[in-house]
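Welcome, and please have your viewer ready. We will go from one selection to the next, with a short note at each stop.

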Amino acid sequence: MKRSLPISVLLFCSFMTFAGSRISDKQLQRTLDLSLEQAMRLYNEVKVFPDKLPRTIDQKGKLVISNDKWWTSGFFPGTLWYLYESSGKKEVEDAAMELTRRVINQQYTTDNHDVGFMIYCSFGNALRITGDKTNESVIINAAKSLSTRFNPVTGCIKSWNNIKWQYPVIIDNMMNLELLVNATRISGDSSYLKIAETHANTTLKNHFRPDGSSYHVVSYDTIKGGFVDRVTFQGSHNESAWARGQAWGLYGYVMMYRETKKPAYLQHAQKIAGFIMQHKNLPKDKIPYWDFDAPQIPNTLRDASAGAVMASAFLELSTLVDKKSGKKYFDIGQAQLKSLMSPVYFAKPGENGNFILKHSVGFMARNNEVDVPLTYADYYFLEALLKYKKMTKK
């Protein structure tokens with residue numbers, strides 16, 4: 001088992017979280033500037049490896065890279081796009097474009113659901129920020145590829161080609177629906193949006209417990225429809241609430257409400273939010289343990305990646321509801337951001353393998369990517385920072 005965060009450090013983070021004040025423009029800008037400095041160090045390290053993308057670091061602090069087929073390949077290009085959006089620097093745009101091109105072949109991926117992460121985080125941001133319509137065809141092709149994994153009998157998109165389960169669908173898949181929604185917006189073809197809504201509706205029906213928490217994996221019956229198994233593969237045990245899974249669900253339904261304005265999605269996002277906010281094991285600094293039901297709590301690891309995804313989702317959710325509810329969602333999103341900006345999680349320049357955030361957990365049960373930086377933690381942290389900056393702009 002990896003070490004948990006020292007008590008003295010946690011106390012510092014708790015103090016920072018409950019200081020109560022807004023994050024100042026100066027603090028935001030300094031965090032963005034340091035993030036840019038760190039990310040460009042990482043870019044300069046990885047650019048010498050043709051067609052490779054950063055993934056994490058090993059136990060010795062050495063950079064671990066992947067090819068474009070690894071599910072996280074689109075996150076670092078997306079991180080660079082966010083940093084270009086905030087800085088306007090040409091060299092950052094060039095870096096973002098170069099690494100985005102490294103995942104272009106994934107527009108044709110049909111053997112897994114992660115094409116949404118791969119393509120929308122990279123090419124989707126490139127289109128949004130630059131307006132370059134040459135990115136549109138890549139997004140549409142990726143949506144076509146993802147759509148091949150939809151089964152009308154199960155009513156959802158298959159996640160893994162895995163013989164252990166008949167038709168496994170993981171909660172992470174909610175994140176890939178944004179690709180489909182935007183493919184409809186670009187192309188006018190409503191079939192992509194229909195698949196996204198059908199998947200979201202099926203997931204809402206079968207993936208969640210009465211308290212608003214979710215399973216990780218639901219396996220479906222491709223003959224009769226309906227589910228045959230529900231497990232939490234990456235969590236502590238089948239009935240536990242794996243923290244990043246709860247974050248994926250929250251973010252996914254916030255996004256689906258934003259895109260469709262269907263009340264059921266907003267109601268469900270608020271139910272998930274309530275589960276997270278009211279859970280007895282949510283730490284004072286609001287960065288969750290890797291699983292809300294991990295038996296070693298409080299002597300176990302936090303997951304900064306889950307905290308970053310949640311922060312981005314909570315901040316957006318605060319803009320979609322009434323003023324009273326909005327304040328509580330804004331407050332927790334702000335608290336999570338403050339914690340992630342603190343020295344507990346935010347790396348010093350040149351350290352942490354040149355990743356931005358420390359202390360994320362990939363797959364605890366397999367001791368895989370445990371207490372290390374992860375590209376998606378950095379991506380959603382920067383997304384949350386930019387949302388916050390826009391929301392609090394005077």
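**Stop one: the largest pocket**

Select helices H3 (75-87), H5 (115-130), H7 (177-187), H9 (243-260) and H13 (375-391): each gives at least two residues to the lining of the largest pocket. Helices here are DSSP runs (H or I, at least four residues), as are strands (E, at least two), numbered from the N terminus. This is a predicted model, where local features need pLDDT of at least 70 and side-chain atom pairs pLDDT 80 or more, while totals for chains, interfaces and linings use all residues. Residues are numbered from 1 along each chain as its sequence is written, and side-chain values use heavy atoms, without hydrogens and water.

The volume of the largest pocket is about 730 Å³. Of its 27 lining residues, show Tyr82, Glu85, Arg128, Glu383 and Lys387, the closest to its centre. A pocket is an open set of points on a 1 Å grid where a 1.4 Å probe fits, with protein on both sides within 12 Å along at least five of seven lines; lining residues have an atom within 4 Å of a point. H13 provides the largest share of this lining, eight residues.

**Stop two: the second largest pocket**

Here the space is about 550 Å³. Pick Trp70, Trp71, Trp160, Gln234 and Phe363, the closest to the centre among 20 lining residues. Strands S8 (360-363) and S9 (368-372) each supply at least two residues of this lining.

**Stop three: H5 against H7**

Now display H5 and H7, whose axes (lines fitted to C-alpha atoms over the stretch in contact) lie 9 Å apart at about 45 degrees.

How values were computed: Grid points are joined across faces, edges and corners, and a volume is the space filled by probe spheres set on the points. Axes are lines fitted to C-alpha atoms, for helices over the stretch in contact, and angles run from 0 to 180 degrees between N-to-C directions.
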